[in-house]
Amino acid sequence: MAKKALITGITGQDGAYLADFLLRKGYKVYGTYRRSSTPNFWRLQYLNLLNKITLVPADMADMASLLEAVTISEPDEIYNLAAQSYVGASFDQPLLTTEIDGSGATRLLEIIRHLKKDIKLYQASTSELYGTIQETPQTEKTQFKPNSPYATAKLLAFHNTRIYREAYNLFASNGILFNHESPLRGLEFVTRKITNGVARIKHNLQKELVLGNLEAKRDWGFAPEYVEAMWMILQHDKPDDFVCATGETHSVKEFAEEAFSLANLNYKDFVKTDKLFMRPKDVDLLRGDARKIKEQIGWEPKVKFKELVKIMIKADMERWDKFSKGELFPWDAPNYPNEISVLKRHIKKIRL
Ligand code: NAP
Ligand code: F7E
């Protein structure tokens, strides 16, 4: 009989790629989605998955809906990917972020503990846990010193996953994933903001690109490879915690430089900075050491920085080309609000 997987957050970047991956592996795939006034299924449509999966309404803040999702799907494996995943927004909504990312994960652990202890759980942990970094590169043993409400919420989830594994013998594992990007990345994250911005500038739809901290350094990988790691972690003979990373680090400035140069432009002519996009506290440098998962499980990423930028630039260029020719296809960019106007209103409100 086909294995069954429940993916919370199936409408997000990783959720969509993971659903695609698990379907190819022969899984029956269930995914949770949030009721909203307008459906947000563009990624699932983009990968042509909408008719191949079963959607179950659930919210990480609502225990009853999560219980129902698990009862309906009777999963062998749960991938907990649902989260308020934008670090910047966690400074505006710290309590909601804690509720969804921290308490939400704990709700799932409780459901598994009470309902069916042999369900395997993957928890989407993050390199943001390292915060003010204590050593480079970062490993599973590096001390966490979170720098945002997002990271503290994820720290709660990380430790409860470990605690439920040790206290109740659950098969519950954390993937400590460093940043991973793709053409399906949300537009508020800096990589996609840059590649979409470059494509719009090339199409004369935008004159400049306004960013925040250009010096921040990240270990950026390619999302489809990272969802494979999630699955491999749950197929391992024992539950554990694993870092997934490329081992390379690059600054936001380098990402912009590379992206603009692929479009034969000089980033210095277009990139501006504004403190509106600076965080109250940032994470300066991330570089992961993924030797443990390579040695114990055999996962290793192939796509490195330059290829990743190329993939994302190519996708956004092609989309704006198609759009300008009047083609319709599932895509987020045309309806994305002007970030600056949204943020400026926000600042004004606080000063009043
Ligand atoms: P994403 O694109 O932002 O997707 C987040 C998903 O969570 C969406 O499906 C979203 O639904 C859902 N969600 C948000 N709030 C929810 C709630 N209250 N109840 C139920 N679902 C909710 O994030 P991603 O990049 O795919 O990341 C997947 C997971 O990995 C997240 O937990 C993230 O924190 C973590 N992570 C990401 C990275 C990375 O670099 N991408 C690295 C490490 C860890 P809507 O579509 O309705 O908004
Ligand atoms: O920021 C700087 C910003 O928002 C990266 C999430 O998936 O990965 C992601 O979190 C860096 C930061 O990603 C802009 O200050 C400069 O230093 O793309 P980001 P993130 O904060 O690293 C981790 C692993 C997760 O777990 C999260 O869920 O870029 N930066 N200028 C900017 N960032 C944004 N968003 N926008 C700017 O204009």
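Reader: How far does a polar side-chain atom of K193 lie from an oxygen atom of ligand 2?

Author: A polar side-chain atom of K193 lies 2.7 Å from an oxygen atom of ligand 2. The model is predicted, so local features need pLDDT of at least 70 and side-chain atom pairs count only at pLDDT 80 or more, while totals for chains, interfaces and linings use all residues. Residues are numbered from 1 along each chain as its sequence is written, chains are lettered from A and ligands numbered from 1 in the order in which they are written, and side-chain values use heavy atoms, with hydrogens and water left out.

Reader: Which residues come nearest to ligand 2?

Author: There are 22 residues around ligand 2, and S85, T126, Y150, R279 and D282 come nearest. A residue is near a molecule if one of its heavy atoms lies within 4 Å of it. The shell divides into nine nonpolar, six polar and seven charged residues. In that division Ala, Val, Leu, Ile, Met, Phe, Trp, Tyr, Cys and Pro count as nonpolar, Asp, Glu, Lys and Arg as charged, and the others, Gly among them, as polar.

Reader: Now ligand 1. Which residues come nearest there?

Author: Of the 25 residues around ligand 1, the nearest are T11, R34, N40, S85 and Y150. Its shell consists of ten nonpolar, ten polar and five charged residues.

Reader: What polar pairs does ligand 1 have with R34, A83 and S85?

Author: An oxygen atom of ligand 1 is 2.6 Å from an N or O atom in the side chain of S85. For R34, a polar side-chain atom lies 2.7 Å from an oxygen atom of the ligand. A83 contributes a backbone N or O atom, 3.1 Å from an oxygen atom of ligand 1. On its own ligand 1 has 910 Å² of accessible area, of which the protein covers 90%.

Reader: Which elements give two or more residues to that shell?

Author: They are α1 (13-24), β5 (120-126) and α6 (149-168). β5 gives the most, with three residues. Helices (H or I, at least four residues) and strands (E, at least two) are DSSP runs, numbered from the N terminus.

Reader: Changing topic: which residues touch the most other members of the largest nonpolar core?

Author: That core has 48 residues, and I7, L18, L22, Y79, Y122 and I293 touch the most other members. A nonpolar core is a set of buried Ala, Val, Leu, Ile, Met, Phe, Trp, Tyr and Cys residues joined through side-chain atoms within 4.5 Å. The largest share, nine residues, comes from α8. A second, separate core of 32 residues includes F255, A256, V309 and M312.

Reader: What is L22 in contact with, beyond its neighbours within four places in sequence?

Author: L22 is in contact with A5, I7, Y27, V29, Y79 and W231. Contact means heavy atoms within 4.5 Å.

Reader: Is E128 buried or exposed?

Author: E128 counts as buried because its relative accessibility is 7%. Buried means under 20% relative accessible area, exposed over 50%, and partly exposed in between (1.4 Å probe, protein chains only). E128 is found in the loop between β5 and α6. Leaving aside neighbours within four places in sequence, its contacts include Y150, R218 and L286.

Reader: And where is the cis peptide bond?

Author: The cis peptide bond joins T136 and P137, with omega about 0°. P137 has its place in the loop between β5 and α6.

Reader: What is the phi of N169, and is that residue buried or exposed?

Author: Phi of N169 is near 65°, a positive value in a residue other than glycine. At 68% relative accessibility, N169 counts as exposed. Most residues other than glycine have a negative phi, and most peptide bonds are trans.

Methods. Polar contact = N/O pair within 3.5 Å; in protein donor to acceptor, adjacent residues only side chain to side chain. Areas by Shrake-Rupley, 256 points an atom, 1.4 Å probe, with all protein chains shown as cover.
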